[in-house]
Amino acid sequence: MNIRYEETQGRSLGFYALIAGLGVLILAALGAVYYMEHHGHYVTGMSNRIVWGMPHVFALFLIVAASGALNVASIASVFQKKLYKPLSRLSGLVALALLAGGLMVLVLDLGRPDRLIVAMTEYNFKSIFAWNIILYNGFFVIVAVYLWMMFERRMNRFTSKAGLAAFSWRLILTTGTGSIFGFLVARQAYDAVIMAPMFIIMSFAFGLAFFILILMASYKWTERPLGDAVVNRLGSLLGVFVAAVMYFVAVKHLGNLYLAENAGVENFILFDGGIYTQLFWYGQIILGGLIPMALIYHPALRGNRSALGLASLLILIGGVIQLYIIIVGGQAYPMELFPGKEILEGYGGIAAYTPSLPEIMLGVGGIAVALIAVTLLVKFLPFLPESLADEVADPHHKS
Amino acid sequence: MSKTLNRRDFIKTSSATTVGVATIASGITLTSFAANANENPVTNEKRWGMLVDTNKLTEVEIDGMVSACQQENGWGSEVHSTGDQKPTWVKKLKVKDKATGKITSLPLMCQHCEEPPCVDVCPTNASMKREDGIVLVDRHLCIGCRYCMMACPYDARSFVHEELTDQREHMPRGKGTVESCTLCVHKVDNGGTPACVASVNSDAVIFGDLYDPKSNINQTLKKVQSAQIRADLDLNTGVRYSGI
Ligand code: SF4
Ligand code: SF4
């Protein structure tokens, strides 16, 4: 059966309420940026010890999720799974929107966002950061081309090639994001080869969680049929991804624990790091890992969409917490300036950090930007199939 | 013949003239920091460095070095920044050897690494190393991403967290950019020594050209035991310490 794509109507009260709500969050974020840039970063919780704070947590979270959101399209075009094909357009759109939101946060937290042009014209090719700028820009271009090939009937036959290109690009992109930490030789928390693959698998989970929430919400709010075939398949995929993230987290932390030079920071995160230890166990592991897995795999909740929605939401919250532990926790723990010596004065101790409201507002604003972009684009372009009922999406599905 | 300098073969090679042709990667010279050609051209035949003798240097002298740097470069009078937000180009550190219990005080500033991680990670080339080994931030190129601060193993860099007033003419600084010890490049290029070094009356801190076999620093390094902080990272720092 041929899939028919159609713009959403976008005339309901709910639509305008959504746009207005997101708009308020974005304005609040811009206000926060003005405040922080006008005064300088002293009004934030950041310091010379915690140089990357809440904005980086949200920015990297969104960037990581962005590349993962493209997976649904990749499964369709690269791995030729028919069921995912009608979802490809939305998948590309969510990926672009999340990336835009993440980059906005990243740029607006610079000390000199007005010099963005410098970052675009002066490249130090030894810097992984500079490479990331190229990777992000390239991602926009490649995914846009990919979407165009899906939209344009004459171009359809190139879709799988473009899909392959986009898929490879996104793997490199996430590796690049993970490698930002790999180059920080002096910081114990980041001294692990496993960072890059862990970021890739995190991107799978966060991106898919975003995608599922957006998919279910848009079909519910536009009253279009969305069958169990699609939802359940995405749900079990999400379960696998979350389990994989947990596995990588376990390998990383256990590995570090046995590596004498990194045992200090590991003990800090896992056992005596106060807020970071609590965030790790209660936030990342239980809230963001075990509970979502229970919600997805518990037999009594099979096919329960509220449970899947809740699981997705918790995975996202757990993801923000995970990045907080990596980014802020990793900086809070002091560097080893004098191995074998104790620093009595001048440096050391756990650096304090209390995120300020403007920082959080900026981060949330990034999510709002991503969501408003999706909401508006599905209204103006035919991204969503008019039906994803089982007989449309998967004619062989037996319920 | 080209050779990079590290602590071990420093002693071996510095007697020979081969050191003079040591090659150092990257050679951007900044106009704002341009050397006064008549006095002291910026060339890779030199490598500026500092040797701190922690046995001779007193705590009072270290405090004096910190204030001399503040005076010279105009940092430290920020009004809004608190605690860890305040810029610190150089600080006093007190360390205790876990085995012997010996307590040592030392000044810690940018170590002017030969392989500077801050320069490697900087996306815009704002962090740069001059031919003569001095590591600087071009504050017109710095976008304030703070990646260099993440990368520096010595906690040597500061981010300017607020609007600044009352700046020194020779040392422009700016809100939203990163800064660190410049080895008083404005003085060095005119034949002077860094303010912190000048503030110490004894020979507890010496400054000079590491490559020049006739220089005091070169000759002293040949005689005394010295060390780099975190020598295991192989960054080949320009600032060396003895007595730690
Ligand atoms: S000490 Fe830090 S700031 Fe100075 S050159 Fe080395 S890495 Fe760069
Ligand atoms: S903060 Fe400035 S000097 Fe440091 S890495 Fe970023 S652009 Fe380079």
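The legends below describe close-up views of a predicted model.

In this predicted model, local features need pLDDT of at least 70 and side-chain atom pairs count only at pLDDT 80 or more, while totals for chains, interfaces and linings use all residues. Residues are numbered from 1 along each chain as its sequence is written, chains are lettered from A in the order in which they are written, and side-chain values use heavy atoms, without hydrogens and water.

**View 1. A salt bridge between R4(A) and E386(A).** A salt bridge is a side-chain nitrogen of Lys or Arg within 4 Å of a carboxyl oxygen of Asp or Glu. Here the N to O distance is 3.1 Å. The partners are 382 residues apart, with R4(A) in the segment before β1 and E386(A) in the loop between β3 and α14 of chain A. Helices (H or I, at least four residues) and strands (E, at least two) are DSSP runs, numbered from the N terminus.

**View 2. A salt bridge between K126(A) and D120(B).** The N to O distance is 3.0 Å. Because K126(A) lies in a loop of chain A and D120(B) in helix α3 of chain B, the pair joins two chains. K126(A) is exposed at 58% relative accessibility, whereas D120(B) is partly exposed at 28%. Buried means under 20% relative accessible area, exposed over 50%, and partly exposed in between (1.4 Å probe, protein chains only).

**View 3. A salt bridge between K94(B) and E59(B).** The closest N and O atoms are 3.3 Å apart. K94(B) belongs to strand β2 and E59(B) to helix α2 of chain B, so the pair ties together parts 35 residues apart in sequence. K94(B) is buried, at 18%.
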